[in-house]
Amino acid sequence: MLDSRVCTGLPVTRKSLDPAEPGDVVGSQHWGRRTGNLTFEGRRGLKRFGNPWANPSCLIRSVGLGRDCSKQETVKPHVEPSSGRAPFQFVWAEPDHGFESEVLLRPATSSAMWFLLLHLGLTATLTRAELLLSLNGPYWTVAGSNGTVSVPATVPGGIYTDLRTAGVLDGDPFYRFNDVLYRWVARDNWTYARTFAINADTFLTKRQVTLVFHGLDTVAEVFVNNVSVGVTNNMFTRYAFPVKRLLRAGDNNSVEVRFLSPITAAEQAYRVQSAAGHTVPPRCVPVEYNGECHVNHLRKMQASFGWDWGPAFPSVGIWKSVEIIAYDAVVVRDVTIRYDWGNSTLTLGVHLELGNGSSGAIRGKLEAVLGSNPQVGVSRQVIVESGKEGEYLGVLVLPVPANIELWWPIGLGEQYLYNLTIRFVGADVDERSVKKIRYGFRKVSLIQDKLTPKGLTFYLKVNGVAMFAKGSNWIPAHILPELSVDERTYKNLLTAARDANMNMLRVWGGGVYEDDSFYQLCDELGLIIWQDAMFACSMYPASEGFLASVEREVRQQVRRLQHHASVVVWAGNNENEAALRQNWYETAANFSLYRRDYVSLYVDTVRAAFTKEDPSGMFVTSSPSNGDGTEKEGFVASNPQSPFYGDTHYYNYLADGWNANVYSMSRFASEYGFQSLPSFSTLHSVMNTKWDLGTTSNWSIHRQHHLGGYMEMKMQISRHMHYPEDDSTSSGFQRLCYLSQVNQAMATKVETEHYRRSRGVLDSLGQGMTMGALYWQLNDVWQAPSWSSLEFGGRWKLLHYFAARFFAPLSVSAYLTPDDRVEVHIVSDRLETFEVTLVVHVYNWGELGIPKDEVMLNVSIDALSSQQVLSLNLDELLTKCSNEVNARHHCFLHFYLLHGSQDAGPDNFIFLAPLKDSALRHASVRVVERHGPFRRKGGVGSYYSLEVATDAIAPFVWLEDVDPPRSLLR
């Protein structure tokens with residue numbers, strides 16, 4: 001049967017709409033395919049620029065009605081501090097306050113109007129895009145400061161990658177102690193250089209010719225044809241240098257990027273800051289990290305100087321693309337979007353670059369087209385009059401068809417994405433600039449409502465639906481920035497998150513703002529993103545130069561990421577409010593000073609820049625924080641980890657992680673977790689199995705960056721299982737790897753289920769109403785003990801398989817109360833009431849396959865809820881299981897849900913005594929059949945179908961194939 005939506009042009013069931021259609025020819029004289037003639041009411045354009053949301057009454061008006069917004073307005077544009085030649089000692093340069101310019105955007109004629117069309121019947125003269133000369137590729141050289149090392153280099157890239165490729169570093173950087181042995185690389189200064197050709201008849205005839213670096217890591221001076229064009233100090237910022245006057249026709253042009261050692265740069269910045277007033281702690285990372293000092297003084301990946309889960313590789317390099325662009329008109333750089341549900345419009349903030357030294361008027365047409373078949377669009381004639389340089393903002397208001405499909409997080413609906421094309425077409429010059437994005441329509445709110453007896457809620461509402469956030473925390477995919485941006489790795493890791501029933505990831509603040517392809521994939525997969533600004537676990541400078549760099553960083557990153565449907569919440573930093581209030585770095589003696597710096601950075605700079613670019617966006621100053629409660633206390637709460645507000649980070653390695661009663665309540669648990677070792681097959685490639693086995697070996701101690709990590713791991717394991725008698729033998733160490741993963745999976749399972757059960761529940765103190773559980777952490781940057789559920793390389797730990805079960809949309813969750821009652825809950829993320837049968841089986845460890853008792857209950861589960869459905873006395877429940885005095889040592893409980901005769905969700909279980917004290921029989925487990933590998937439909941990787949036989953009940957059966965990138969668990 002033909003779906004009527006096909007005939008009406010509505011999107012059908014594809015998750016990603018509007019792929020390129022026949023007829024969608026970029027630069028041709030038509031866009032899309034003509035599908036018919038429909039008439040829409042026209043609307044006049046507006047003439048307001050600067051903040052596109054500042055005056056809604058001027059945004060839209062019907063023809064002949066409303067306020068007259070036609071009066072031209074002059075606004076002050078955003079202007080970057082000018083970059084001049086500087087001595088190559090790193091200090092934070094102060095911004096240039098003496099430079100201002102003006103820009104005027106106005107309609108070309110008084111009759112200019114918005115054109116709303118289902119098919120945009122514009123027939124424009126074929127125009128050329130701005131010219132772009134990519135300087136990427138294997139055409140560079142990199143040399144050390146004394147000239148003894150000079151090797152070929154590739155851009156995008158980095159110094160460790162280039163030296164490894166050239167054979168200067170002759171081993172895997174992650175092998176044994178190479179992170180320290182290769183530290184000489186980070187202590188040297190490095191110069192990247194290449195030559196290139198310029199066509200005088202094309203590039204040099206353009207009004208603007210600009211050298212653009214999309215990412216330089218980090219402190220560097222740039223030269224073109226031996227002339228300094230500027231300095232850089234922020235790896236998260238795009239740098240653009242005017243170079244037309246320096247270029248020569250022909251192939252004898254050169255570019256050099258002279259990087260200062262990041263260790264040296266950090267030390268210099270620390271000394272300057274300390275001499276100017278006060279030290280900014282911490283001075284160094286903990287000694288267990290084997291890292292370097294003062295990274296908080298650099299706008300660089302904070303984890304690159306060492307972290308408790310990763311090595312120190314303080315890299316330098318051109319880690320993102322570099323290009324020369326030439327143009328006569330303007331460049332469409334970024335587009336920010338506001339969706340107005342009430343008026344069914346998109347307000348587009350179109351950020352235009354005019355470049356240095358612009359003068360006179362640039363006339364042209366600003367256009368936007370939504371969709372491909374059908375289309376709706378607007379067009380506007382504009383004149384751009386500018387001063388010397390800057391970035392300028394134009395506004396378009398685009399009508400949204402009533403039949404648009406909404407974008408939903410995974411599990412709540414489909415991920416509809418629409419093509420949106422924005423272009424500027426020059427009127428007096430034969431040139432256009434085009435920006436294409438994919439946009440998902442959704443309405444997201446961060447709900448912080450008052451609760452009785454105290455506190456506020458803290459949860460996301462998406463398209464009117466309250467969403468329980470299920471997921472993890474994302475760290476960079478690699479410790480070397482240039483290798484962290486890899487689309488295949490992104491796909492492997494993000495697909496694994498989706499496959500584990502996650503709907504949210506938090507991009508942690510000690511890494512990097514990820515590549516556009518990361519967020520695009522999250523849009524497609526339906527993964528919501530909590531985005532930290534890149535500050536973590538430190539105090540930071542608040543000098544004028546540092547703040548100016550941060551403001552530019554945040555402005556650029558928000559503009560780049562704001563249109564993504566997946567990016568919904570921003571936080572100013574990771575754990576810095578808690579660090580300040582709880583005196584992590586001995587700041588209490590001068591608390592008011594550090595508090596002033598904190599507010600200056602995260603409130604007056606980061607939040608202010610964010611709000612200016614995205615006034616309707618959601619922002620919290622820190623994670624954890626009390627949200628609105630923190631703001632009411634002047635942005636540094638008396639207890640930033642309050643269970644009555646905001647989000648919490650909770651770690652308790654001393655209590656029994658398998659006991660649900662030890663965990664605190666939280667409105668939103670954005671960090672929690674337990675360590676484990678990777679699988680032995682992952683570790684053995686970076687260790688010497690003769691010398692490095694055992695937790696007391698030099699290599700194991702070097703690899704464990706968490707103080708007391710092995711002691712805590714042993715204590716947790718020993719509570720429930722038999723710790724290996726000697727973990728320095730091959731079999732003992734392999735068993736430790738396995739047991740650590742069992743403990744991690746079980747403890748994280750118990751804690752996560754505790755948070756999911758707390759949805760919609762308030763205790764007598766007002767704690768509860770939990771609406772988020774994001775465990776620490778999703779992925780790894782090397783092969784070492786960590787909190788991750790995915791090993792470096794993508795192999796699933798036992799925890800990740802458990803996550804697919806404890807994050808299931810419908811699940812049964814039970815725990816044993818301190819007064820020996822079995823409380824059974826059913827948790828549902830479904831959008832409708834659902835009928836299930838709960839089955840409780842009581843098993844004896846010594847009898848395979850035959851339950852000793854059974855309880856069944858038919859239950860109607862409300863949509864989006866957690867319901868306690870059963871409370872059982874444990875001693876009464878075990879009467880048929882065992883006649884032994886210690887029946888708990890002989891029995892365990894098994895739970896599952898049925899819908900009709902079909903499983904309605906994953907099964908679950910409770911152990912009633914430590915496994916080491918339980919009456920388990922020795923089990924003989926064997927694989928009797930194996931089929932595969934099979935390709936995953938619509939996913940990444942492959943899987944096997946296995947049949948396993950056992951002669952006794954065997955918990956935590958783990959089947960591992962050392963060849964594929966994943967472990968197999970059935």
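Student: What makes the disulfide of Cys-284 and Cys-293 right-handed or left-handed?

Tutor: The torsion about the S-S bond of Cys-284 and Cys-293 is about 95°, so this disulfide is right-handed. Keep in mind that this is a predicted model, where local features need pLDDT of at least 70 and side-chain atom pairs count only at pLDDT 80 or more, while totals for chains, interfaces and linings use all residues. Residues are numbered from 1 along each chain as its sequence is written, and side-chain values use heavy atoms, with hydrogens and water left out.

Student: How do you know that Cys-284 and Cys-293 are joined by a disulfide?

Tutor: A disulfide is a pair of cysteine sulfur atoms within 2.5 Å. For Cys-284 and Cys-293 the S to S distance is 1.9 Å, so the pair meets that definition.

Student: Why is Cys-284 called partly exposed?

Tutor: Buried means under 20% relative accessible area, exposed over 50%, and partly exposed in between (1.4 Å probe, protein chains only). Cys-284 has 38% relative accessibility, so partly exposed is the label.

Student: How many disulfides does a search of the whole structure find?

Tutor: Two. The other one joins Cys-881 and Cys-891, with the sulfur atoms 1.9 Å apart. Its torsion about the S-S bond is -115°, and this link is left-handed. Cys-881 sits in the loop between helix H18 (874–877) and strand S41 (891–899), and Cys-891 in strand S41, so the pair ties together parts ten residues apart in sequence. Those helices (H or I, at least four residues) and strands (E, at least two) are DSSP runs, numbered from the N terminus. Counting bonded cysteines along the chain, the pattern is 1-2, 3-4.

Student: Are Cys-881 and Cys-891 buried or exposed?

Tutor: Cys-881 has a relative accessible area of 5%, so it is buried. Cys-891 is buried as well, at 0%.

Student: Why is the pair of Trp-474 and Phe-518 called tilted?

Tutor: The whole structure has 48 aromatic pairs, and in this one Trp-474 and Phe-518 are 4.8 Å centre to centre with 55° between the planes. Rings of Phe, Tyr and Trp (its six-membered ring) pair if their centres lie within 6.5 Å; planes under 30 degrees apart count as stacked, over 60 as edge-to-face and the rest as tilted. The 55° angle of Trp-474 and Phe-518 therefore lands in the tilted class. Trp-474 is in strand S28 (residues 469–474) and Phe-518 in helix H8 (residues 516–525), so the pair ties together parts 44 residues apart in sequence. Both Trp-474 and Phe-518 are buried.

Student: And what makes Phe-680 and Phe-733 edge-to-face?

Tutor: Here the centres of Phe-680 and Phe-733 are 6.3 Å apart and the angle between the planes is 75°, so the pair passes the distance cut-off and the angle is over 60. Phe-680 is in helix H13 (residues 680–683) and Phe-733 in helix H16 (residues 730–757), 53 residues apart. Phe-680 and Phe-733 are buried.

Student: How do you know that a charge sits over the ring of Phe-223?

Tutor: The rule wants NZ of Lys or CZ of Arg within 6 Å of the ring centre and within 35 degrees of the ring normal. The charged end of Arg-258 sits over Phe-223, 3.7 Å from the ring centre. Lys-443 does this with Trp-341, at 5.5 Å.

Student: What makes Glu-586 stand out in its backbone?

Tutor: Most residues other than glycine have a negative phi, and most peptide bonds are trans. Glu-586 has a positive phi of about 60° although it is not a glycine. This residue is in the loop between helix H10 (576–581) and helix H11 (591–613). At 71% relative accessibility, Glu-586 is exposed. Cys-537 also has a positive phi, about 50°, without being a glycine, but at 16% relative accessibility Cys-537 counts as buried.

Student: Which peptide bonds are cis?

Tutor: One of them joins Asp-217 and Thr-218, with omega about -5°. Another runs from Ser-623 to Pro-624, where omega is near 5°.
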